[in-house]
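Student: I would be grateful for a close look at one part of this structure, a pair of packed helices, together with the backbone features that deserve attention elsewhere in the chain. Please take me through it step by step.

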Amino acid sequence: MNSPSPWLTIVGIGEDGASGLCAASRAALAQADLVIGPPRHLALLGPVSAACIEWPVPFAQGIEQVLAHRGSKVVMLASGDPFWFGAGSSVTRHLEGSEWTAYPALSTFALAAARLGWAIQDTACLGLHAAPVQRLRPYLSPGRRILALLRGGDAVAPLMAYLAEQGFGASTIHVQEALGGPRERLRTITAAGPELADVAHPVAAGIEIRGEGAVLPATCGLPDSLFDHDGQITKSPLRALTLSALAPRPGELLWDIGAGSGSIAIEWLLAHPANAACAVEADDVRAARTKANALALGVDRLEVILGRAPQTLPQGSPPSAVFVGGGLSQALLEALWAQLPAGTRLVANAVTLESEALLAAWHGRLGGNLLRIELADAAPLGSRRGWRSRYPVVQWSTAL
């Protein structure tokens, strides 16, 4: 039995317009009943026989319009490669695989790398057109190369200012406008140099990082100084041990209960760009601080919930791992035990004798690993130095 032919064709279009389309894209347009796309793309396409409608704002309304024409021959226009920081997957997630096909054009990343002579596999490719400039933070390391899509010409100045603020004002920025079309232009500036006043959309930036700014280590246990906190923070050595016990894997969700400064959730997110985290914090000042720390360190897949567990716990998809850093209680452990699916990784840290006893009891009930962590720092002792002990921490890690 023959499967039905796709009714939706997603066509990638570049600044060279209709002349740059492949034969399959041209055929889809010739057979289309309806073409939908942003005004710029429709203008690049030029006249067609099908009815044309502009993609509305907000973006979700355009998806509704596409789905409303299911069964007609519909062409959806998107920039370059629709599945690389493009609109393609936003639509196809609502469809069966048999309902659509796609013909990408050259991506902006491919064009930018070709102009600069950069190896794409060695270059960080980021979409900053819908993300804060702080997303760059984990990539700021001297010698690193970054290709970034920007929302428009007015985004270049904030990019320059951010790099300079972070101590990387010596970085080179290759400002690339309207790549692949007749308006193409490439200019090279430094982050600390004079601003460009007439940058045209669409724009991408090729960034070569230079400077003496602070670089985020690639390992867990970041310096405490990178986090704004009021003392409620899992300190760097203990954080490294905690992240090791949590064992983040790509694409996983963490619940960070009693988040404090959010350091555990943030490092979980830094472990892989596909990771997500939800922080529960009872104090509104600390909750706001957690959000600010996440933004400053370049991660934005952190949801912060104001409330006290177990009365307040995240809803939706269950987590792969849970960290209890504050608010540890019998009621909380009972709630997690009852709610979470089998195999969920749980790590809890305790400082007080009462909390230690609670973890010891649960360890006896469920097993896992119970670890006593004792750290000491060198400190002045008269005219010499001695060891100043920190409070010991008991850490329980298990799979529920």
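Tutor: In this predicted model, helices H7 and H8 pack with their axes 11 Å apart and at an angle of about 55 degrees. H7 is therefore oblique to H8. The crossing in which H7 passes H8 is right-handed. On the H7 side, the contact is made by Arg239, Thr242, Leu243 and Leu246, while H8 contributes Ser263, Ile264, Glu267 and Trp268. Sorted by class, this contact has 4 nonpolar, 2 polar and 2 charged residues.

The spacing of such residues can be understood from helix geometry. An α-helix has 3.6 residues a turn, so residues three or four places apart point the same way.

The buried residues are Ser263, Ile264, Ala265, Ile266, Glu267, Trp268 and Leu269. Among them are Ser263, Ile264, Glu267 and Trp268, which also take part in the contact with H7.

Ala247 is placed in the loop between helix H7 (236-246) and strand S11 (253-257). Its phi is near 55 degrees, a positive value in a residue other than glycine.

Ala178 lies in the loop between strand S8 (172-177) and strand S9 (185-190). The surroundings of the two can be judged from their relative accessible areas. Ala178 has a value of 1%, so it is buried, since buried means under 20%. Ala247 has a value of 27% and is therefore partly exposed.

Peptide bonds provide the other backbone feature. The bond from Val57 to Pro58 is cis, with omega near 5 degrees. Pro58 is found in the loop between strand S3 (51-54) and helix H3 (59-68). The bond from Ala309 to Pro310 is likewise cis, with omega near 10 degrees. Pro310 belongs to the loop between strand S13 (302-306) and strand S14 (321-324).

Definitions and conventions. Residues are numbered from 1 along each chain as its sequence is written. This is a predicted model: local features need pLDDT of at least 70, side-chain atom pairs count only at pLDDT 80 or more; totals for chains, interfaces and linings use all residues. Side-chain values use heavy atoms; hydrogens and water are left out. Helices (H or I, at least four residues) and strands (E, at least two) are DSSP runs, numbered from the N terminus. Buried means under 20% relative accessible area, exposed over 50%, partly exposed in between (1.4 Å probe, protein chains only). Axes are lines fitted to C-alpha atoms, for helices over the stretch in contact, and angles run from 0 to 180 degrees between N-to-C directions. Angles under 35 degrees count as roughly parallel, over 145 as roughly antiparallel, 65 to 115 as roughly perpendicular and the rest as oblique. A crossing is left-handed if the near helix is turned anticlockwise from the far one by less than a right angle, and right-handed if clockwise. Contact means heavy atoms within 4.5 Å. Ala, Val, Leu, Ile, Met, Phe, Trp, Tyr, Cys and Pro count as nonpolar, Asp, Glu, Lys and Arg as charged, and the others, Gly among them, as polar.
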